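This report covers the overall build of one protein chain and then a single residue in it.

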Amino acid sequence: MNFGLSQTNVEIDSLLNEIAKIENSKEIINTNEGKKIIGYGWKLLPKLSEFFTDKTETNVKSECVGRNLTKGEIAIILADRIEG
């Protein structure tokens, strides 16, 4: 998949919102939405980074940190999986 400049923050937000509904952080990259974001590649990183500070709490539980992740933390996890 190629990331087009026409991709909007609204679309990225929508994908993150769908990921935010899962319960286990280990499944983030296995969701269709997670795969789609990762598939856009490095060109998505500037837009994805705009979500890093989003403190909206999600349903995604992280055993590592012992709490639910924020939307920003999900964006960071996905950005970490994008190969440059």
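What percentage of the 84 residues of the protein chain count as buried? The share is 37% of the 84 residues, where buried means under 20% relative accessible area with a 1.4 Å probe, protein chains only. This is a predicted model, in which local features need pLDDT of at least 70, side-chain atom pairs count only at pLDDT 80 or more, and totals for chains, interfaces and linings use all residues. Residues are numbered from 1 along each chain as its sequence is written, and side-chain values use heavy atoms, with hydrogens and water left out.

The protein chain has 4 helices and 2 strands, in the order α-α-α-β-β-α along the sequence. Helices (H or I, at least four residues) and strands (E, at least two) are DSSP runs numbered from the N terminus.

Among contacts (heavy atoms within 4.5 Å) between residues at least 6 apart in sequence, 62% join residues at least 24 apart. The C-alpha atoms fill a box of roughly 35 × 20 × 20 Å along the principal axes.

Thr31 lies in the loop between helix H1 (9–19) and helix H2 (32–40). Thr31 counts as buried because its relative accessibility is 11%. Its surroundings are listed here.

| Residue | Relation to Thr31 |
|---|---|
| Ile19 | touched by Thr31, not counting residues up to four places away in sequence |
| Ile22 | touched by Thr31, not counting residues up to four places away in sequence |

Methods
Buried means under 20% relative accessible area, exposed over 50%, partly exposed in between (1.4 Å probe, protein chains only).
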